[in-house]
Each structure stands twice: as C-alpha cells, then as structure tokens.
Amino acid sequence: MMRNAKKSILPKGWEWVRLGEVTHINPSKRKIANLPENLEVSFVPMNAVDEKQGKIIFPEIKKLKEVKKGYTYFRESDVIFAKITPCMENGKCAIAKNLANKIGFGSTEFHVIRPSKEILAKWIHLYLRQKSIRNDATKYFTGSVGQQRVPEEFLEGLKIPFPPLSEQKRIVEK
C-alpha cells in the first residue's frame, strides 16, 4: 500500500521508505512479562499528551500490575501517536521521555512506533506531527463516525523521507 503519492525529489543520499521498514509498530509486551508486579511505571492517559507542544505532560506513576493488562505498552524513546478521532487530527503525538523505569503504559487509543537504530524518534515525531500527514491519515479511518481510528496499516505503509542518520541529527537539532 503506497502512501504520500505526491513524493518530491529528495536530496542525494536520502530515500523514501515505508515507516514500517525502519520502525516496529505496536510492539508486543513480551519483554516486560517477567518484571516485578510492584515496579513503578509511567501511565499516560490521552489527556496527558499536549497536542500543541507534542509532549507528554503530567504522566502518572502506577504499579505495573495495575496497567499491564488493558493498556498500551511503550518504552523510553518510542513515539506514541493517537489513533482515534479527534485526538489524532488535533496532533496528539509525543516521544516517550523520562518514563519511570523507562516503561510506559497509556490509552489503548495510541499506536506505538519504536524506531530502529537507523532512524531518530525525533525525526519520526516531526514527520507525523505535520498537518498534511494527519489529513492523509483521515482518508484511511476505519470504524463508525465518532469512533474512527487510524489503522496500523496506515503507519506501516506511510512513506517517509529517510536521510542518513547524521543528516537526521543535524536537522532535528534545528
């Protein structure tokens, strides 16, 4: 499935890639299965993601046993992206930072994007926060009016510009 058909010419050394080729979308909870039940973790409800700043504000601290079932798991440096309307259109997308024990849980209405070593979370975050990308995502909504969601397949197939890591670092610093 091809996204962003209006691709432009990229600088030398850059290429277009699907987001799913350079990230892991909605990774499993397997790695945390054996952690202590009383471990403190960050909890991020939807209202803790500021759509204007694109940051997590006022996360809560909870015990792992309270959140490991029924909530979305993410870890330090993952990008969380609201999948439900109107939160997605409003720009609720953030990089998970300063999480208790580097582990977070949040609304089931988040997609989690875990960057590979080849791509920066900040690069992904800046790209996903563009109004044009969020507008494009609305064309792929599933579900009924008022409960529409961006499917995982949209993110998997989303074409993004992919510069060398050194170039990503230079750009995001600005």
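This is a predicted model: local features need pLDDT of at least 70, side-chain atom pairs count only at pLDDT 80 or more; totals for chains, interfaces and linings use all residues.
Residues are numbered from 1 along each chain as its sequence is written, and local features need pLDDT of at least 70, side-chain atom pairs count only at pLDDT 80 or more, and totals for chains, interfaces and linings use all residues. Side-chain values use heavy atoms, with hydrogens and water left out.

**Helix packing**

Helix α4 (residues 121–128) packs against helix α7 (residues 165–173) at an angle of about 60 degrees, and their axes are 9 Å apart; helices here are DSSP runs of H or I with at least four residues, strands are runs of E with at least two, and both are numbered from the N terminus. The axes are lines fitted to C-alpha atoms, for helices over the stretch in contact, with angles from 0 to 180 degrees between N-to-C directions. The two helices α4 and α7 are therefore oblique to each other, a term for what remains once angles under 35 degrees count as roughly parallel, over 145 as roughly antiparallel and 65 to 115 as roughly perpendicular. In the contact (heavy atoms within 4.5 Å), Lys 122, Trp 123 and Leu 126 of α4 meet Gln 168, Ile 171 and Val 172 of α7.

**Backbone features**

Most residues other than glycine have a negative phi, and most peptide bonds are trans. The peptide bond from Thr 85 to Pro 86, however, is cis, with omega near -5 degrees, and Pro 86 is placed in the loop between β8 (79–82) and α3 (87–90). Asn 101, which is not a glycine, has a positive phi of about 55 degrees, and Lys 102 likewise has a positive phi, near 65 degrees. Asn 101 is found in the loop between β9 (93–95) and β10 (103–106), and Lys 102 also has its place in the loop between β9 and β10.

**Aromatic pairs**

A search of the whole structure finds 4 aromatic pairs, meaning rings of Phe, Tyr and Trp (its six-membered ring) with centres within 6.5 Å, where planes under 30 degrees apart count as stacked, over 60 as edge-to-face and the rest as tilted. Two of them are listed here.

| Pair | Centre to centre | Angle between planes | Class |
|---|---|---|---|
| Tyr 73 and Phe 105 | 5.7 Å | 50 degrees | tilted |
| Tyr 140 and Phe 154 | 5.4 Å | 40 degrees | tilted |

Tyr 140 lies in the loop between α5 (131–138) and α6 (152–157) and Phe 154 in helix α6, 14 residues apart. Tyr 73 lies in strand β7 (residues 72–75) and Phe 105 in strand β10, so that pair ties together parts 32 residues apart in sequence.
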